[in-house]
Amino acid sequence: MTRVRPPRPVLAPCLLAAAALLTAVSCSPSDPVGSAPAAAGSGPTDTSDLPGSLTGQDLDWSACEPPDPAQGDAQMSPGALPDGAEWECATMTAPLDYADPEGETIDIAMIRARSAARGDKRVGSLLFNFGGPGGSGVVTLPAFGQDYATLHKRYDLVSFDPRGVGDSEGVRCLSDARLDEFFAADPVPDNARQRRALKDRLKEFADGCEESAGDLLPHLTTTATARDMDLMREVLGDDKLHYFGISYGTELGGVYAHLFPERVGRAVFDAVVDPTGDSEEGSLGQAAGFQLALGSYLDRCAENDDCPLGGDPEEGEDRLARFLDKLADDPLPTQDPDGRKLTQALAWNGVAQALYSEEFWPYLTQGLDDALAGDDPDGTVLLALGDAMNGRNPDGTYSTLQSSLTAINCADSKRRYTVDDVRDAFDDFEDASPVFGPPMAWSLLSCTYWPVDGRRDHPDVGAAGAAPILLVGTTGDPATPYEGTRHMKEALGDDVGVELTYEGEGHGAYNGGNECVRSTVDAYLLEGDVPEDGRTCDS
């Protein structure tokens, strides 16, 4: 009997593009807390050391223009919040090098929606960073604005494109056409010829970054961005920085808390990055996290008679692995207007993209159903998911998401891996995840040919004396595994981190809609009610 395939769900471009900004997570190498030197030429700096032209600048807020392709999909033009508040955009000027505050400057793109609250009802500005590194806050905040409508009752909602991202002098390393080829190429070399090809691609990417942004690259550290946030606090007129960081945004928030513990206001870290492991350990943790999420998806899929991978989760994983292996030599046709095919690399990214949130599991099911459709396979849906991961816009242009991510990671991290390092670690990665381990192992080479030396061994987040920081960890998080929440708490120091556990799936808990998580976070941010350390919310 011929199985009737359900109609393909419409992929919401705005949802996919916004989610892509949340799903690129920091993979920067790190070493145990306590041993890192300060970033070169950027010792501790107070805003009082900055010229008045910077600390006293009056931002020219005005109606936002449609997003630039460097920021993301132009279809994501910001609409009003439920209470009618409109989004405003402005540009802040910051020192390019905080060791030379009177020298060259860099423009930082910002966005806000002002709260109607006044007097005691207004807490201040709530600054968001949605992760990456490389995500455009100017695009992402309004895309998720309705999720923060309750917080808007007492806060101006504010975000920004970090230095080197989007409209803040976003890094571009290759042309759009070359990025198509770069992201489609085989990420797991099987022989010497393929290893040379991988090396050539990575070197071309690094050379392109140096050519287009060489003078900027040394200054794209997380430490510099944390100092930009403190300048924002000053310019916005707040005594304390109230902050909501997601994914890499938790590492950025931790670095800010280390630099300025006395200025930490009400802060939430959701999908917490582990600041204590080295890069290999962090990537291994991610491989295991994605394997865990894949298992959860397969269990759910197998409960349905029409699961394209069958009714047995273990057999389903084997079938998925065989499908991905076949794509290495036989990519699938798609309906892409540029004629692109679904390669193994794009499919890997597409599957991984879908595992960041249960909301995307139906797209993964449809994409696999199409791709495994006997005589008429179609890779269109998986390609769209992979494009979202890579920051490809519907018109074929690319945002700076992945280029910025690499530039920031490599500016931060000293470690440069070799092919021998990858070979030594490969079996561990494959054991952690037969599906995702191999490409994650080879991704350790991302900074190997980078033209700028990294500035640190680890993100120092020790913040003794800071106000309580709410740490939200999700047990099924694929990209920032749950164990990292406890490690962040220990690294912050005594009586700083307060843990909230969400027993559920996905990368980030607040936007997942769980009422327990939302009400706990809202009570802290709106009323200052610090929950009991160790509280758990069930899915």
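Which helix does Val 138 lie in? Val 138 lies in helix H3, residues 137-143. The model is predicted.

**Val 138 and its surroundings**

Val 138 has a relative accessibility of 9%, so it counts as buried, the cut-off being 20%. Leaving aside neighbours within four places in sequence, Val 138 is in contact with Gln 71, Cys 89, Ala 109, Met 110, Ile 111, Phe 160 and Asp 161. Gly 166 is 28 residues from Val 138 in sequence. In space, their C-alpha atoms are 8.6 Å apart.

**The sheet**

An open sheet is formed by 10 strands. Their order is S1-S2-S3-S5-S4-S6-S7-S8-S9-S10, and the pairing is mixed. Strands S1 (62-63) and S10 (535-538) are the edges, and each pairs on one side only. Strands of a sheet pair through backbone hydrogen bonds, either parallel or antiparallel.

| Strand pair | Sense | Bridges |
|---|---|---|
| S2 (residues 88-95) and S3 | antiparallel | eight bridges |
| S3 and S5 (residues 155-160) | antiparallel | four bridges |
| S4 (residues 124-129) and S6 (residues 241-246) | parallel | four bridges |

Individual partners can be named. Thr 93 has Asp 107 in S3 as its bridge partner. Met 110 stands opposite Phe 160 in S5. Leu 127 stands opposite Tyr 243 in S6.

Is strand S3 mostly covered or mostly uncovered? Strand S3 spans residues 105-113 and is mostly covered, with seven of its nine residues buried.

Among the contacts of Thr 225 are Phe 160, Pro 162, Arg 163 and Leu 252, not counting residues up to four places away in sequence. Thr 225 lies in helix H6, residues 222-236. Its relative accessible area is 4%, so Thr 225 is buried under the 20% cut-off.

**Helices H8 and H9**

Two packed helices are described by the angle between their axes and the distance between the axes. The axes of H8 (residues 279-302) and H9 (residues 313-327) come within 9 Å. They cross at roughly 115°. The crossing is right-handed.

Which residues meet there? From H8 come Gln 291, Leu 294, Leu 298, Asp 299 and Ala 302. From H9 come Pro 313, Gly 316, Glu 317 and Leu 320. The residues of this contact divide into five nonpolar, two polar and two charged.

**Helix H11**

Helix H11 covers residues 361-371. Nine of its 11 residues are buried, so H11 is largely enclosed by the rest of the structure. The buried residues are Trp 361, Tyr 363, Leu 364, Gln 366, Gly 367, Leu 368, Asp 369, Asp 370 and Ala 371. They pack against H8, H9, helix H10 (344-354), helix H12 (380-390) and strand S9 (497-505).

**Nonpolar cores**

In soluble globular proteins, nonpolar side chains tend to be buried together. Here the largest nonpolar core holds 112 residues. Phe 323, Leu 355 and Phe 436 touch the most other members. Helix H8 gives the most to this core, with seven residues.

What does Phe 436 contact, leaving aside its neighbours within four places in sequence? Phe 436 is in contact with Phe 290, Gln 291, Leu 294, Trp 348, Val 351, Ala 352 and Leu 355. Gln 291 and Leu 294 also take part in the contact of H8 with H9.

Another core lies apart from the largest one. This other core has 34 residues, among them Trp 87, Ile 111, Tyr 155 and Leu 525. Ile 111 is also one of the contacts of Val 138.

Definitions and conventions:
Residues numbered from 1 in each chain as written. Predicted model: local features only at pLDDT ≥ 70, side-chain atom pairs only at ≥ 80, totals over all residues. Heavy atoms only, no water. Buried < 20%, exposed > 50% of the residue type's maximum accessible area, 1.4 Å probe, protein only. Helix = DSSP H or I, 4+ residues; strand = E, 2+ residues; numbered from the N terminus. Pairing = 2+ DSSP bridges. Axes fitted to C-alpha atoms, helices over the stretch in contact; angles between N-to-C directions. Left-handed = near helix turned anticlockwise from the far one by under 90°. Contact = heavy atoms within 4.5 Å. Nonpolar A, V, L, I, M, F, W, Y, C, P; charged D, E, K, R; others polar. Core = buried A, V, L, I, M, F, W, Y, C linked by side-chain atoms within 4.5 Å.
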